[in-house]
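Here is a brisk report on local features of one protein model.

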Amino acid sequence: MFFNGQHRKTPVVSLGGNSKLTSRQALLKRAAEERRKRQEQQQHQECASRIQRSWRSHRARLALERQLHAEFSTALQSLTASRAQQPVTATALGNLMVHLAVLYDDSNDSAQQLIQVCSVLLRHQKCFQADIRAKPANWSIRLKQFVTVVVRFLRQYATSDSVSISSPLRLLEVLLDPKPYSNANTAVQGQVEDMVSSLTVLICHKQGYFSTMLSLLVSKLPAPVEYSSRSPSPFAQALLGVLLLPLRIVGSHRDIVVEQLCKDLLPLSCHPVVRLYVLPALSDHLSLSELVRASPAISTIGECTSTPSIPSTDIGPAAAPTHRSSKVCHSIFPSRQPVCSELPANPTGWALYSLLQVVEQSYLAQQTDASQLVSDMSVLLEAIATAMPAIAPAETPNVMVEDTARGVENMQMDDSDSEAENTWSSPEAVLAPRIAKYLHMFFLQGQCERLLTNSDLCRTIVRLIDSTSHANGKLNGQIFKGLTSICSHYLLYKPSRFRQSKLFEDLCYRPRILRELWRHISTCTLSAPSGDKTLLLDLIKNSVYSPAPSVAKFFVDHISTFCALLIVHLSQVDADAFRTGNMVFSIGELSKISASLLDVSLSLLRSDTLGVTKIVAECLALDLAVVGRFATLPALHTQQRLMSMPAAQKHSSSVTPYSWAMCFQLMSSFLRYLHARDKRTPVFHPIHWQIRQSQFDFDNFALVDPSKVFPEGSEGVTPATMASAQTVIILRTMPFVTPFMERARLFLDLMLQDRMTLEHSVFREFTIRVRRSHVYDDAFSQLSPMAVPDLKTDLSIQLFNFQDLSEAGIDGGGVLREFLTIFVQEAFDSTRGLFVYTDDKHIYPNPAVYSLGMYNDPAIHYHFLGKMLGKVLFENLLVDLPFASFFIQKVIDGASAPLSLDHLESLDPEVYKNLLYMREHEDGVADLFLNFTVVNTSLGKADVVELKPGGANIAVTRENCAEYIAAVANYKLNTQLESQCAAFREGFASVVNISWLRLFTASEAQILISGAQVPLDLEDLQNNTHYSGGYHETHPTILLFWDAVKTFTNDQLHLLLKFVTSCSRPPLFGFKDFHPHFAIHNALSSERLPTASTCMNQLKLPPYEDLATLRDRLLYAITSGAGFELS
């Protein structure tokens, strides 16, 4: 047992020097090996020492833990006695809290001990509360440690019924309630309040207090069936009270708590308990300003990670050992872990819905100062704008069906040989989660749409903005940023529904808002590196700027909203106000606005750095572009294309090419509407709408079908292809930028190409027999779709006179022309009942045709008349049919572009004037005792029609006067003519491609049908007249004829043209293109009056020998209406 060796070893020294037998390399190797062994020995010694220290530390911790457990058990046993012999001290209670906080290890024994401690503290709460009021500094750490453990316990057993949680819940309510500490000593009152506030912030911000309480509510309460803040039971009321207990604090910490509540609570509104019970209660505990200040937090909710409903029991930042002793020295204030119930698929979207729901309830329940409300709304709208991408439709119903179908197809057995792995997935197990996902998505989008566009709150926001838009420029800009973001979102995804919303309606009729919108657009500037500022509009117009994402979003949102609103606003402006500029913008301002938007639109196409050209061309190829009041990308097409985008791009703040395409089409729609309005009521110079043709290639008219521009599967796009695409897009969306005559020439070329295509197909000619006394009936019976499916084919007409005898003549085209001329005169006559006249003698479909009883199915006749008018245009004929402009507009645009008030004047001037009077005297409209109904009178019978569901019980007031005016105009122009116009348009489209007609406005289309109302060019007529029967240019009778005609007035010249050709208007491109050519034939007998063969455009002029006789008899013939039979 004693040391026997030498305590000092004499070093061995070699006096002989280096051995000659050992090489240098061997010596170095041996020295390195010896050094390695020494280092390894040192490491072994250090490891042994570390193990010994760890063991001693572990043994000490075990001893300390046993000691603490013994002390804790003794103290707990003494305090839980039914009747303690000695009074309980606050120090003992504080030590009990500290011991439990240190020793708690998530076991069942620890849970039972925590329940006992809570019971003891509840019995002696007055004792420790008094000590807290006296010495708050001594209790700050203790309370934080203990409350952290209590929240941890509740989180662990939130969804379990094995342990009672009533005592911990009650104790939390006691500890977090600031009222018992309100009567503390003045010297320490501030310390007490700070302690309670910091304690509340700790458990809310770090320990997941709200998410823990929500887990309790969701697991303990049944799902409610209605939206109500009334508690279904006392237990539910108690749980809700504990959940909202931290909101009792005041001061600077309250905003932190409210923000954390929004982060934890709002995303979980997908659960009925939260949505229908908890959210209604928030309006009683939070002010509108507090909710708004917390609203920016919703944009960061989706960044947190979801966790299971029962979280991990570790509270430290690192994985702690499982031994109980490891908890002794563990950090007592860990960083917050995700403890809420599993987040839904779209947490930001649900949070946005919850915020809007609570804000609306708070606003309705509280009286808020107007200026403060505007300030709050600026913050709220900015937060909404940030969160809007979260509620963008990601899938369509078609995709949902395909997704669930794939799920069913994937329900098949595994290929594994093991029987245990050969299991079937039931259809319910596969489809239920998918269907629930889509139902949640549709519910969320629908509710957000309702709250953002149709709630009373949104209408109040608009009224407040309208009344205070001049108060604060910066504040005003923030509000408009949020509003335009909402409008742009729904214009892209749900345009048809959005235009029917209350928000859109309110914005349309607020001139101050429209002016403010344009001010923001026109004054937005960007700073160059040199410090100079340049207008954003100028940069985009010059195609020298690719905007940053934030700038692009500002521009797209503001421009899209402005154009959509201004179209509707101007549609309610009457012709006199439009002519005089008595509207939201003067004529000069409208000229500048339209010029700027035209330059911007063309710049987007010309540069194409944003991908607008291809997207718009694809939509036009699919015939998805709506040309009219709301021409925007259809929601379904947009959703399908957005689905192929990466999620990060789709839900980012950056503007997608589809948003730019929507912006382009809304600008082009506004310009097209303003051009059409200018055509009806001219206020701009004609050159205002034209552009320099050198910018685009308008000579290449071959590519009219956009599907040919970007063929499916094409990889590269050449500059020539891009130029053709741009030309097509301009012709389809903004045709007015090219002169009318060029577009008319294009239209005729397209018709010629169509006829040539038909000639190369299987040729077939249809022969019909038509009696002059029954032209319409014979044509309708023989040209039905069953008999002649395609009216583009050639028709051979055999005419029978009034004696039912066949008329002599060979139909070389003239008889067909004669037939079509007679047909349209009879078919569109008002006596037939299908069409009626306006006060200014323009024809339109009879609204009362269904009540006349003249036709079994009037829609078939309108379809047939549409086909016949298409045939007239297809044969390049002119007919004298003065259609009402609103009717032609409906034929061009269809039901997708409903007409508005400005068209009503031509249909019913009396109703139009009455509506204008109502609009100008809104304050007294209630005295008229009107409701939302109209009365239709036909054949002495009056029918009352409701303009909206329950309209008979809705009185017209100052608030809904604008809605009533729009509803009456919509009924008169759209509803009562819908079926007639739809059938007529369908028949017309079967012969003439409607997209070709979209190149023109209504007035321009009327010129294609009937010719231009211009003075007759007598020189052009004389130069292109053919002679026969012995007549020639120098024949004496011909010379007398032209001398006589030169004395005619312009009206007499038009009568002469109508006498010979059946149409009073000259051909569009002059008489050189007239077919057949204007001709004069010798009638031989000078005793006869002049006659005409209108089918051949031939005047049969007798050889009169003096000027007076020729002039008098010619005037008599053309004014008497005689001479229309073939002879």
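F929 is exposed, because its relative accessible area is 73%. The scale is simple: buried means under 20% relative accessible area, exposed means over 50%, and partly exposed lies in between (1.4 Å probe, protein chains only). The areas themselves come from the Shrake-Rupley method with a 1.4 Å probe, and for residues only the protein chains shown count as cover.

This is a predicted model, in which local features need pLDDT of at least 70, side-chain atom pairs count only at pLDDT 80 or more, and totals for chains, interfaces and linings use all residues. Residues are numbered from 1 along each chain as its sequence is written, and side-chain values use heavy atoms, with hydrogens and water left out.

**Backbone with positive phi**

F929 sits in the loop between α38 and β7. Helices (H or I, at least four residues) and strands (E, at least two) are DSSP runs, numbered from the N terminus. F929 is not a glycine, yet its phi is positive, at about 55°. Most residues other than glycine have a negative phi. D106 also has a positive phi, near 70°, and is a residue other than glycine. D106 belongs to the loop between α2 (90-103) and α3 (108-123). D106 is buried, with a relative accessible area of 12%.

**Salt bridges**

How many salt bridges does a search of the whole structure find? The search finds 26. A salt bridge is a side-chain nitrogen of Lys or Arg within 4 Å of a carboxyl oxygen of Asp or Glu. Side chains of opposite charge can pair when their charged atoms come close. Three of these pairs are listed here.

| Pair | N to O distance |
|---|---|
| R497 and E449 | 3.0 Å |
| D576 and R579 | 2.9 Å |
| R958 and D923 | 2.6 Å |

Take R958 and D923, which meet in a salt bridge. R958 lies in the loop between β8 (941-946) and α39 (961-975), and D923 in the loop between α38 (909-920) and β7 (933-938), so the pair ties together parts that are 35 residues apart in sequence. R958 is partly exposed at 47% relative accessibility. D923 is exposed, with a relative accessible area of 68%.

R497 and E449 form another salt bridge. Here R497 is in helix α19 (residues 495-498) and E449 in helix α16 (residues 427-453), so the pair ties together parts that are 48 residues apart in sequence. E449 is buried, with a relative accessible area of 5%.

D576 and R579 pair within one helix, α24 (residues 575-580). They are three residues apart there, so about one helical turn separates them. R579 is partly exposed, at 45% relative accessible area.

Salt bridges also link E33, R36 and E40 in a network.

**A positive patch**

R50, R53, R56 and R59 form a positive surface patch. Patches are made of residues with over 30% relative accessible area and no salt bridge; like charges are joined within 9 Å, and nonpolar side chains (Val, Leu, Ile, Met, Phe, Trp, Tyr) within 5 Å. Lys and Arg count as positive and Asp and Glu as negative, while His and the chain ends are not counted. The place of a charge is NZ of Lys, CZ of Arg, CG of Asp or CD of Glu. R56 is in helix α1 (residues 24-79). R56 is partly exposed, at 42% relative accessibility.

L79 is found in helix α1 too. L79 is buried, with a relative accessible area of 8%. The C-alpha atoms of L79 and L93 are 8.7 Å apart, and the two residues are 14 apart along the chain.

**Cysteines**

The whole structure has zero disulfides. A disulfide is a pair of cysteine sulfur atoms within 2.5 Å. C487 is in none, and its nearest cysteine sulfur, that of C508, is 8.9 Å away. C487 is buried at 1% relative accessibility. C508 is buried as well, with a relative accessible area of 1%.

**An enclosed helix and a loop contact**

Why is helix α11 (residues 272-282) largely enclosed by the rest of the structure? The reason is that 10 of its 11 residues are buried. Among them are V273, R275, Y277 and P280.

D829 is in the loop between α33 (814-827) and β5 (835-837). D829 is partly exposed, at 26% relative accessibility. D829 and L881 are 52 residues apart in sequence, and 9.7 Å apart in space, C-alpha to C-alpha.
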